[in-house]
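These are my notebook entries on what I looked up in one structure. I kept them in the order in which I worked.

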Amino acid sequence: MPNTSIETMLHHTKLFQKLDAEALAYIAGLIRVVEYRPGQYLFHERAARESVLLIEQGSVVITHGIGQQPAELATVGPGAMLGERLLLGSPTHVASARARTPVRALSLTKDAVERIRTERPEIYHQLVLVASETLAERLEYSAGQIAGTRAPLATGRFRLERDSLGKRAIPEEVYYGIQTQRAVENFPISGTPISAYPFLIVALGCVKKAAALANRELGLLDPTIADAIIQAAEEVRQGRWNDQFVVDVIQGGAGTSTNMNANEVIANRALEILGHERGDYSVVHPLNHVNLSQSTNDVYPTALKIALHFAIDELLEAMQELRDSFAAKAEEFRDVIKMGRTQLQDAVPMTLGQEFSTYAVMLDEDMARLREAAQLVIEINMGATAIGTGLNAHPDYAPAVCRHLREITGIDLVTAPNLIEATQDTGVFVQLSGVLKRIAVKLSKSANDLRLLSSGPRAGLGEINLPAVQPGSSIMPGKVNPVIPEVVNQVAFEVMGNDVTVTLAAQAGQLQLNVMEPIIAYALFNSLTHLRNACHTYATRCVNGITANREHLRRMVENSIGIVTALNPYIGYDNAASIAKEALATGRGVYELVLERGLLSKEELDDILRPERMTQPHWLPPVPPGTGDEG
């Protein structure tokens, strides 16, 4: 590699950036070019430091821990500097570095460093100073990683960004900027970044793309800049930059941090598309260009509603899957006679198919209510800007951006007739949350039923068998627990609690804005996502594999006192009550007592107790005279 190329690369590396041309030429003369095969270690944890390495080509994974499965800390690429602690006198490596691909690196060996120290102490001192600054930055970011507040560094290089509060060093390789970084530091709350909810990122991409299209159409945005923003926003919509959305989903500021995260990612990607460096906001600015004609107060709730539509569609698909599973079991069990129960006591016979059909019907009803709720989540307030007055937005912007959003999302969105009201009202989220709670309550009820019906298997009801998906005990051999219904119950409890959260957050709004929308988003997304996952798991890991204990169910019907109710129209209430009383006292069956007393013939009794006669309406003959007083 010619020295001029080495000098150029050194000049663009932070460690050497402050050196003049003569010093760079001196360093370049000491550099060796080294190459590594995929899987080959550049250095090992706890090994002596032998060189400072600058990655020219390839990818290197940094790991920590001795053994077969060390923890991966980061993956670094061209421009990354490794081993600077050699300049600070650190004798051994604290991590390992392994080539993930073929790697080419520039190496400044320990001997070369010592030569610089003795021959050119002024250069050496400058390198030590910069290495110290870099190490301090890395330590700060490492602490942030441990706390779950920062993304891992890939190159170790930084760019300087400014906002109204001052300057901050931002990792060179990230697309987000200073306001996102401040939000990451300010809100280490849930440890859940907004990227954990991909539909929200998709929706933000939709909103920013539509805004840029509208602004270009109205002549408010330079077409070249607009096109770059539109491309960047489309990439966000496609999920290409999800890892750059790092702010915590629970945040103060009514969602400003989420909006700024999107603005900065899109601005920096647009800069890259236009051939500029990230952070060069004089060309494309996160606020002046990406956020043109907008405010967090219309962007965030609009993106939230679009994302909720996508999530609702997925939940409806999972509910349909579960509904079909219950319906299939209803058909499979249509001829399986069993005892129905009220207040956990024997009532009258029914079929197991009838029992399972109720769960399918309940899901049908709940899907209908969810579709109705989704129809309310179509009113958006884009163009409202800060409070609904439309300050700083073109008069034709609101209809234009809504039209573009309809085309991009496929959702029949409409602009709210009163943007001031729409900016402060969160009633639609309360409505949706209430429907989700309804779904959760009824799912939980069905899970309770399945747990009870499968209880035992020998000392409980034991009417059905749930599929055995895992051993049930660490101490009791052979025990299998109803773990899938149990997890459905727990999801339901969470959704009910989330509904309380949404309710409290909605009523906490004040005057022209509800700043609590981030926690509303968090609660709704969790409810929708977890309900979707629960429905799919419920169907595939439980309901589809349920079997019926047919003979056991039939015996329970025959031995139950409850079947005496079916005999009322034929032997009279008093005779039926007397039979029931004797059956309870003696443990004998209703069937045999009726025959013993000669109240009905065996043929008549068998015909009356046929499943289809006991489990559906049919014509009944008049009670014979005098039967009401017998026994």
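Predicted model: local features only at pLDDT ≥ 70, side-chain atom pairs only at ≥ 80, totals over all residues.

**Entry 1: words I need first**

**Entry 2: residues with positive phi**

Ala254 is not a glycine, yet its phi is positive, about 65°, and its place is the loop between helix H7 (223-237) and helix H8 (256-273). Leu511 is likewise not a glycine and has a positive phi of about 55°, and I found this leucine in the loop between helix H15 (483-507) and H16.

Is Ala254 buried or exposed? I wrote down a relative accessibility of 5%, and since buried means under 20%, Ala254 counts as buried. For Leu511 the relative accessibility is 70%, and because exposed means over 50%, Leu511 counts as exposed.

How many disulfides does the structure hold? I found 0 of them. Cys206 is in no disulfide, and the nearest cysteine sulfur, that of Cys402, is 13 Å away. A disulfide asks for a pair of cysteine sulfur atoms within 2.5 Å, and the 13 Å from the sulfur of Cys402 to the closest cysteine sulfur, in Cys206, is therefore too far for a bond.

I also checked how accessible these two residues are. Cys206 is buried, with a relative accessible area of 1%, and Cys402 is buried as well, with a relative accessible area of 2%.

**Entry 3: H6 and H12**

Next I turned to helix H6 (residues 198-217) and helix H12 (residues 397-409), whose axes come within 8 Å and cross at roughly 135°. At that angle H6 and H12 are therefore oblique to each other, and the crossing in which H6 passes H12 is right-handed. Among the residues of H6 that meet H12 I noted Cys206, Ala210 and Leu213, while those on the H12 side include Tyr397, Val401 and Leu405.

**Entry 4: H14 and H16**

I then took a second pair of helices, H14 (residues 427-453) and H16 (residues 517-541), whose axes come within 11 Å and cross at roughly 30°. Angles under 35 degrees count as roughly parallel, which makes H14 roughly parallel to H16. The crossing of H14 and H16 is left-handed. The residues that meet here include Phe429, Leu436 and Leu443 from H14, and Ile520, Leu524 and Leu531 from H16.

Beyond H16 I stopped at Asn544, which is in the loop between H16 and strand E16 (547-548). Asn544 counts as partly exposed, at 41% relative accessibility. Which residues is Asn544 in contact with, leaving aside its neighbours within four places in sequence? I found Ser325, Lys329 and Ala539.

**Entry 5: the open sheet**

I traced an open sheet of 4 strands, paired in the antiparallel sense, in the order E1-E8-E3-E6. Strand E1 (32-36) and strand E6 (81-82) stand at the edges with a single partner strand each, so one side of each has no neighbour in the sheet. Over 5 bridges, E1 pairs in the antiparallel sense with strand E8 (residues 103-109), and Val34 stands opposite Ala105 in E8. Helix H3 (residues 110-119) packs on the sheet, where H3 touches strand E3 (51-57) and E8, and the direction of H3 makes about 40° with that of E8.

**Entry 6: a hairpin**

Arg341 has Asp346 in E12 as its bridge partner. E11 and E12 form a hairpin with 2 residues between them, and in the turn I noted Gln343, with a positive phi of about 55°.

Notes:
Residues numbered from 1 in each chain as written. Heavy atoms only, no water. Buried < 20%, exposed > 50% of the residue type's maximum accessible area, 1.4 Å probe, protein only. Pairing = 2+ DSSP bridges. Contact = heavy atoms within 4.5 Å. Axes fitted to C-alpha atoms, helices over the stretch in contact; angles between N-to-C directions. Parallel < 35°, antiparallel > 145°, perpendicular 65-115°, else oblique. Left-handed = near helix turned anticlockwise from the far one by under 90°.
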